[in-house]
Amino acid sequence: MNTKALNEIDYFRIRDEVAGYCVSEEAKEILLKKEPLTNHKEIEHLKNMSREWVEYLHTTHSSPLSGWEPIHSLYAIIKTKGAALTLEQVHFLGQFVLSVKKVKEGIEFHKVDLKLKLLPEETEKLPDMEETEKKIFRIITPDGELRDLPEISAIRKAIASLNAKIKTIMQGFTSDQKLSTVLESNVPVLRNGRQVLAVKSNQQNRIPGIIHEVSQSAQTVYIEPEAAVRCSNDLVQKEHELQQVIKRILTELTLSLQPSIPDFKTALPIMELLDQTLAAARWGNEHNCVYALPCAGEPPLLSQARHPLLGDKAVPIDIRFMTGKNILIITGPNTGGKTVSLKTFALFAMLNQTGFPIPAGEGSRLPVFTDIYADIGDDQSLDQSLSTFSGHMKNIAQAVNKANSTTLVLLDELGSGTDPQEGTAISMAVLDKLIEEKAFVLVTTHQGILKNYGYTNPACINASVEFDTNTLSPSYHLLMGVPGESHALDIAQKNGLPTAIVKAARNYIATEQADVSALIRGLNRKHIELNKVQKAAESEKKQVLEKSFRLKEKELELRKKEHNLKEGKQQELNDFLIHSRRQLENLVRTLKEGEVTREKTLAVKQFISELEADTKRFEQKFEEEEVKLVKAEEEFAKEIAKQKTVPSSNKKTKKKMSNAEALKTATSNFQGQVGERGSDNNVEPLVFKEGAFVIAGNNQNQGVLVKEERKGVWQVQFGSLKMSMKQKDLKLIRKSENLSPSVSYELAGYDAGTDFIIEKDTLRPVFELRLLGMHADEAIKALERQIDLCVLNNFLQFSVIHGKGDGVLQQAVKDYLSNCPVVKEFNFAPAEDGGAGKTYVLLN
């Protein structure tokens, strides 16, 4: 790619900005060297990966990709025989291994619900580095500290003992009142790594020992007492021994990591790719971006494009090419946004070819260019003896000589810098050549003849930047299909040119030119009117679509109510049939056990009569409900007709089986049966009372009502856990074997008798628990409640923000999590996500 042109359109500034969103230095370094691609498949692959990251970021899930320090340079150290990694370098490798593990687990866990495809394909290529992780974290902690291994534990204890002994010896001197006039200070100081006493020079014989240093004034000498010399010598030896053991451990670890080098080399490029595409997605989210579609035979289109360097000041523009028209000629006043429009299209094309999103509207589509050439600004150079016009011609010559159907050419202020007539002639000849080569060209100009050229040439499209004649200032909107006036006189007068000069200038303008200006103004007015009509049509279309969506939503609600009604009536019918069946069984047994008497016959007739009456009553209720449902559907159809939207469905309510037929089917199996066991128990209706079974929560956890604490609030037993819940958040059920098992777990330090009310909107745990500003006991209660909700909702991961401060809250959280049986593991967050002020928690 032409780097000069890329620099002219500010491509490198945006690329560097995107690179700043990488979580690793290695991915950032690669992105900072990246240039636009020309392979269609590679471009779409990068964009689709980034699209999937956008889907991931739009959910409440935290990013699965954590940062790591550079590891590429460590391969050589690991390969070198006898070399040893430092603790910091080992920590870098550990960070990378954990990042690989985290991204694999995160993408795998959410690939189904987020319908991810490309990200799982990449993470499946990552090698299994579990053994490498074990080797590294057997030596260090997740925070990079050396573990208290058996081979160094004894040495550390000896060092601690010697330090304590030296401290005791020093305290013996500093606390001796007899030596208060001898010592300059009662606090020992360090000199050459040894603890010494500051002694007055004229009293140095009072404390036998080794002099390590004398002050500049010679009034103070620093003496290490004889009693501490031997301990200090032993301390130096032990510290040296500790360093040797640590070096040996790190050397052995480095040697053991040699077989893992191929895994690191395989994983690193994949992780860098994931990081780069995630950075693009994050940048796109910050700037409300979309991913451009491939043209696929259609002309390029930019909708609501906003230059990212203008920020909130950017005015959205639309750039629409037409089939067979690859030359866009933009005219209009100075400072109206012509050059920005030109740069915006070129910049977005190059960002798209890098796999980045663009700040534009949905439906934008861009082609893939093999190269870009630009003549923007003034290339005047005294060193190279180039005038303004010569600089322009050098750039234009390069573009013309290398142009083809896949190149993009940007020509700013074409034909300027020389005689207007000759400049216009050169401009048209250049455009003729570029049209012949079928290149994509964007031109800005003030040449009036080029406006006419744009109208008469079928390969060209005219466009102009809008100008408000009332305020004499540009609006920065781009009007497609209409040329624009330069408004040089209006702008000159606004910027202070004397009115008399402006008036004289107007008198010099030819009549023909005035006629052309009037024609252009008329075209602009027509374009504005057409634009208003188009916007009104789009607004009306949007309202129609919204009404259609609302009607569909009402239809779905009605169907849901119908389904719930059928379900409830079916349950009532089942209860009725069960009750009737039991009564029928009792009658059959009675007839079987003795003679058929008149009383028994009358009892059977009475049962049948009552059964028929109940059947008719149920049928009548069903018919009434059916009539209501049909009436509701008719009213809904009338509402649709009034709103003149899509006609309502002709679907009719299905005819239900009559209760008599259902009863006949249910009782036919009992004819002729005798001796079966009957029951006189009636099916009790479901009511809220002590001992009733209920379900609650999104996971439909089963519990038992213990007692009603107050009106509308019940104490519910979920396994070994009791909690108070509102009656409206509970659903009564009958005891059945196929119900989901109730929650049963034990929490360390949790009192089963402790009651707390869970509001409906707090039945779910939070992804990030903030404890800042709380006392330790308040924080622990909040953390305990968060873990309870996590267990109830099968919520396995969350984070705790406790801050650093004086460390009290941090230590309290650590102590609680260490003793909680449902906590699998916990550790501090990476530096970019809060470090030691935030803890990640993983439950069993």
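This is a predicted model: local features need pLDDT of at least 70, side-chain atom pairs count only at pLDDT 80 or more; totals for chains, interfaces and linings use all residues.

Colleague: Asp275 is buried yet has no salt bridge; which side chain of opposite charge is nearest, and how far away is it?

Modeller: Buried here means under 20% relative accessible area, with exposed over 50% and partly exposed in between (1.4 Å probe, protein chains only). A salt bridge requires a side-chain nitrogen of Lys or Arg within 4 Å of a carboxyl oxygen of Asp or Glu, and Lys and Arg count as positive and Asp and Glu as negative, while His and the chain ends are not counted. Asp275 is buried without such a partner, and the nearest side chain of opposite charge is that of Arg282, at 5.5 Å.

Colleague: In which helix is Asp275 found, and which residues is it in contact with, leaving aside neighbours within four places in sequence?

Modeller: Helices (H or I, at least four residues) and strands (E, at least two) are DSSP runs numbered from the N terminus, and Asp275 is found in H11, residues 261-286. Contact means heavy atoms within 4.5 Å. With the neighbours within four places left out, the contacts of Asp275 are Cys22, Val23, Ser24, Ala27, Leu65 and Trp68.

Colleague: At what angle do the axes of H6 and H11 cross?

Modeller: Two packed helices are described by the angle between their axes and the distance between the axes. The axes are lines fitted to C-alpha atoms, for helices over the stretch in contact, and angles run from 0 to 180 degrees between N-to-C directions. For H6 (residues 87-110) and H11, the axes come within 11 Å and cross at roughly 65°.

Colleague: Which residues of H6 and of H11 make that contact?

Modeller: The axes of H6 and H11 come within 11 Å. From H6 the contact is made by Leu93, Phe96, Val97, Ser99, Val100 and Val103, and from H11 by Phe264, Ala267, Leu268, Met271 and Leu274.

Colleague: Is Ala280 buried or exposed, and what is its relative accessibility?

Modeller: Ala280 is also found in H11, and leaving aside neighbours within four places in sequence it is in contact with Val18, Ser50, Tyr291, Gly355, Phe356 and Pro357. Ala280 counts as buried because its relative accessibility is 2%.

Colleague: Which parts of the chain does the salt bridge between Arg365 and Glu298 tie together, and how far apart in sequence are they?

Modeller: The closest N and O atoms of Arg365 and Glu298 are 3.5 Å apart. Arg365 lies in strand E9 (residues 365-366) and Glu298 in the loop between strand E5 (293-294) and strand E6 (301-305), so the parts tied together are separated in sequence by 67 residues.

Colleague: How does Lys134 sit relative to Glu131, and why about one helical turn away?

Modeller: The side chains of Lys134 and Glu131 meet in a salt bridge at 3.9 Å, N to O. Lys134 counts as partly exposed at 47% relative accessibility, while Glu131 counts as exposed at 52%. Both residues belong to helix H8 (residues 130-139), and they are separated by about one helical turn because their spacing is 3 residues.

Colleague: Where is Glu413, which has a positive phi although it is not a glycine?

Modeller: Most residues other than glycine have a negative phi, and most peptide bonds are trans. Glu413 has a positive phi of about 55° and counts as partly exposed at 23% relative accessibility. Its place is in the loop between strand E11 (407-411) and helix H14 (420-436).

Colleague: And for the protein chain as a whole, what share of residues counts as buried?

Modeller: The protein chain has 22 helices and 24 strands. Among contacts between residues at least 6 apart in sequence, 69% join residues at least 24 apart. Of the 844 residues of the protein chain, the share that counts as buried is 41%.

Conventions: Residues are numbered from 1 along each chain as its sequence is written. Side-chain values use heavy atoms; hydrogens and water are left out.
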